[in-house]
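Here is a short report on one protein chain. Please look over the sequence and the fold before reading on.

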Amino acid sequence: MVNVIGLGYIGLPTALMLASHGVEVVGTDYNKNLVSTLNSGHTTFKESGLDDLFKCAIISGIKFTIEYQVTDSYIISVPTPYDKFSKKVDASFVVRAITEVLKVAPGGATLIIESTVSPGTIEKAVRPVLKAENRTDINLVHAPERIIPGNMVFELIHNNRTIGADNKEIGEKVKELYTSFCQGEIVVTDIKTAEMTKVVENTFRAVNIAFANELAKICRHDGMDVYEIIKICNMHPRVNILQPGPGVGGHCISVDPWFLVGDYPSLAKVIDEAMKTNDSMPDFVLNRIYEIMKEEGMSDITRVGLYGLTYKENVDDMRESPTLQLLESQERHLATGLKVYDPFVVNDVVVNQYHSLDDFLNAIDFVVIMVKHNEIRDNIEKLRNKIILDCHNIIDLPNAYHI
Ligand code: SAJ
């Protein structure tokens, strides 16, 4: 049996996938409401294919509880935020989960940590917990997740994976567990290498996006079309630049690279600058809004609306969302009044929030596309008479401005 600890964006799909492939699974989370929602037959977030996977796992006998189980395998998938001041990884959720597991785990059990951590964290923060409890009979493994929100179910099956273990034998045993559903290649390595690869993958993407964002600023300054330039450059066989945008959100690309800055401040220079560039984008968009309002002779900010509140398209996750960052910045400048709408956000989370696209569009003259949800792509006709700031280059209308 596998006890999956932490039933959030990664733990839940992983638990469901294992259960759907014949593994006996119990999912544990300390959040009673979350567990009771799952036990009432509902998933806790929207993700393509997740509801079908959930049904399949229920039929296969998955259980959800707040209790930690006595078993030989645990998967820990709890959040690892970063400390806003030191930039270092905050491993306290992992440590808390491990401490709880150790109260019930039998000798010889394997603790597989899926949460993203910076290189050396397991040695520095987790192994001492085992030592303090005199539990040298426990195996530690790091199997960082790699799935992308929006395509999690497909990627769980098809992505390659990394497993870091103290010895080959344990690594191979854990590999066998993941092979129950994973069709990708699974590399077995040591724990620190596995920790570093995960952080490096997300850092690579963050730096590439920062490069695109910096190009957008240069092109804006000198009247060049950044999208056309990136498109042509990417036709070169060894160039692959990502797209500029209104900022970088989510719990991964906007967080994990900071771990390297926090741990290696005098070495991680490019990464530090890249993260600052990405973080500057919501303010850059806010300035573009003011610029365009001036150009269009508009003075009333309450007739401007932000389309999208989530951190990216077609997901309901708002963590580190560029729209929330922009709204915060606007509040700091005492210029509140922007209207907001997102089809994936049903609860009221900000002031001036709308719950229907038509009501939102009727209330504004100027729409800022912060998130490229399919909904807006399917309703571009409705924007024909609006002033538009298209932060993702998805709208081919003469009245659309860009970042
Ligand atoms: N973004 C851009 N320009 C782009 C691509 C993305 O501005 O060209 C923005 C998005 O709008 C979003 C942010 O970056 O705000 C992050 O989105 P994303 O789709 O790039 O990535 P995440 O955070 O959803 O998922 C990433 C993935 N990592 C990599 O592709 C290297 C995923 O595979 C990881 O599993 C995930 O982080 C994670 O959990 O670590």
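What percentage of the 403 residues in the chain do buried residues make up? The figure is 54%. Note that this is a predicted model.

**The chain as a whole**

The secondary structure comes to 15 helices and 14 strands. The radius of gyration is 23 Å, close to the 22 Å that the globule rule gives for 403 residues, so the chain is as compact as a globular protein of that length. The C-alpha trace spans about 70 × 50 × 40 Å along its principal axes.

Now the surface. The chain exposes about 18,500 Å². Carbon and sulfur atoms supply 52% of that area. As for charge, the chain holds 39 positive and 54 negative charges. Their mean positions are 2 Å apart.

Strand β12 covers residues 366-369. Which way do its side chains point, and are they buried or exposed? Phe366 and Val368 point one way, while Val367 and Ile369 point the other way. All four of these residues are buried.

β12 pairs with β9 and with β13. The table sets out both pairings.

| Pairing | Partner strand residues | Sense | Bridges | Residues facing each other |
|---|---|---|---|---|
| β9 with β12 | 304-307 | parallel | four | Tyr307 and Ile369 |
| β12 with β13 | 387-390 | parallel | four | Val368 and Leu389 |

Take the residues in turn. Ile369 of β12 stands opposite Tyr307. Val368 has Leu389 in β13 as its bridge partner. Ile369 and Val368 point opposite ways from β12.

**Proline 13**

Proline 13 is found in helix α1, which covers residues 11-20. Is Proline 13 buried or exposed? Its relative accessible area is 0%, and buried means under 20%, so Proline 13 counts as buried.

Which residues does proline 13 contact, leaving aside its neighbours within four places in sequence? They are Gly8, Phe45, Leu50, Leu53, Met152 and Leu156.

Leucine 357 lies 344 residues from proline 13 along the chain. Their C-alpha atoms are separated by 30 Å.

**In brief**

Buried residues make up 54% of the chain. Among them are proline 13 and the residues of β12. β12 itself pairs in the parallel sense with β9 and with β13.

Conventions. Residues numbered from 1 in each chain as written. Predicted model: local features only at pLDDT ≥ 70, side-chain atom pairs only at ≥ 80, totals over all residues. Heavy atoms only, no water. Buried < 20%, exposed > 50% of the residue type's maximum accessible area, 1.4 Å probe, protein only. Helix = DSSP H or I, 4+ residues; strand = E, 2+ residues; numbered from the N terminus. Pairing = 2+ DSSP bridges. Contact = heavy atoms within 4.5 Å. Rg over C-alpha atoms; globule rule 2.2 N^0.38 Å. Areas by Shrake-Rupley, 256 points an atom, 1.4 Å probe, with all protein chains shown as cover. Lys, Arg positive; Asp, Glu negative; His and termini not counted. Charge placed at Lys NZ, Arg CZ, Asp CG, Glu CD.
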